[in-house]
Amino acid sequence: MSTSGESILSRVIPTGHNLRLVEPHIYSVFPYIEASNTYDSPFGNIYDRVACNPVYNRLIWGYSITKFASLAYDALRSSKKGNVLDLGCGSMAFTAKTYIQYSDRPVVLMDQSLKMLRIAKSRLIKLNGNVPDNMVFLHADALQLPFQQRSFDTIISQNLLHCLNDTKKLLIGLMNVLAEDGKMYFTTLVKGNRLADRYLHALAGGGKLVSRNMEEHQTAFNLSGMSIKYDINGNMAFIYYGK
C-alpha cells in the first residue's frame with residue numbers, strides 16, 4: 001500500500017467515505033464491483049495508440065500535442081500551495097514527462113477508467129522508475145466528485161469536456177472543490193469551421209464524444225458563474241479560469 005498516496009487522499013476525501021485500494025498507487029471510491037466505461041474496453045487501447053499520436057493530432061485536429069504538456073506545466077506551477085487535481089487524466093500520454101519533473105505539491109490523478117489509470121501508472125514507472133511520492137491515482141466519477149469543499153488550489157482537466165453531455169454539472173462540482181482564488185485549466189475539442197468538423201460530427205454520432213462550438217462552452221461556463229479566457233488551435237480550445 002502506498003502510504004503517501006493514502007495520506008494525500010485523506011486530506012481531500014471526507015472521513016467515512018468509501019475508499020479502497022485497487023493496487024499499489026491506485027485507489028477507488030467505487031464498490032467492489034468495479035465501474036467501467038468505454039475506455040475500459042478494447043477502444044481504450046486504440047485510443048492510447050491512435051488518438052494520442054502526435055501526427056494524428058496535427059493532421060486531423062490541427063494542433064501540436066506539446067500544448068498539453070505546456071498547459072500542465074503552467075498549471076502545476078501556477079501556485080506554490082495547496083493540492084492539484086488532474087480530472088480525467090487518462091493514460092497521461094501527453095503529460096507524464098511533465099509530471100515526473102514536478103514534486104512541489106500533492107497531485108490527485110483521477111479518471112473513471114481503471115484501464116487508463118493503469119496505463120498512466122505504467123507510463124510514470126517506465127519514465128521515472130516509480131510513481132512519484134507526491135502523486136496518487138483515484139478511480140472515481142467526474143460528475144460525482146468525492147472531495148471536500150475547497151480541496152484543490154489547481155484543477156487540470158484535459159479532453160474531458162467533450163466527453164460529457166452535461167458540462168454544467170461538472171463545472172458546478174469543480175467550483176465546489178476549488179479553493180478560493182484557485183485556478184482551473186481545460187482543453188476540449190470544438191467545432192472550428194475546419195474540414196475536421198465533419199470527423200468531429202461523425203465521432204459524436206457514434207457516441208464517442210459531444211460536438212460543441214466554443215460559444216456553447218462559453219455559455220456553460222457563464223451559467224456556472226465562471227469568467228474564462230481561452231485560445232483555440234485547430235479544433236482544440238485551451239480554457240483558463242482564475243488567471
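Author: Helices here are DSSP runs of H or I with at least four residues, strands are DSSP runs of E with at least two, and both are numbered from the N terminus. The model is predicted, so local features need pLDDT of at least 70 and side-chain atom pairs pLDDT 80 or more, while totals for chains, interfaces and linings use all residues. Residue numbers start from 1 along each chain as its sequence is written, and side-chain values use heavy atoms, without hydrogens and water.

Reader: Where is D181, and why is D181 called exposed?

Author: D181 is found in strand β7. Exposed means over 50% relative accessible area, buried under 20%, and partly exposed in between (1.4 Å probe, protein chains only). D181 has 71% relative accessibility, so D181 counts as exposed. D181 also has a positive phi of about 70 degrees, although it is not a glycine.

Reader: Why does H25 count as partly exposed?

Author: The relative accessibility of H25 is 21%, so H25 is classed as partly exposed. H25 is found in the loop between β1 and β2, and its phi, near 80 degrees, is positive in a residue other than glycine.

Reader: What makes the buried residues of α3 line one face of the helix?

Author: The buried residues of α3 (residues 54–61) are Y56, N57 and W61. Seen down the axis of α3, they fall within an arc of 95 degrees, so they line one face. The arc is taken from the directions from the helix axis to the C-beta atoms. Exposed V55 and L59 are on the face turned away from the buried side.

Reader: Why are α3 and α8 called roughly perpendicular?

Author: Their axes cross at roughly 110 degrees and come within 9 Å. Angles of 65 to 115 degrees count as roughly perpendicular, under 35 as roughly parallel, over 145 as roughly antiparallel, and the rest as oblique. The two helices are therefore roughly perpendicular to each other. Axes are lines fitted to C-alpha atoms, for helices over the stretch in contact, and angles run from 0 to 180 degrees between N-to-C directions.

Reader: Which residues of α3 and α8 meet?

Author: Y56, I60 and W61 in α3 meet A196, Y199, L200 and L203 in α8. Contact means heavy atoms within 4.5 Å.

Reader: How do you know that β8 pairs with β9?

Author: Two strands pair if DSSP finds at least two bridges between them. Six bridges join β8 to β9, and the two run antiparallel. I232 stands opposite A237 in β9.
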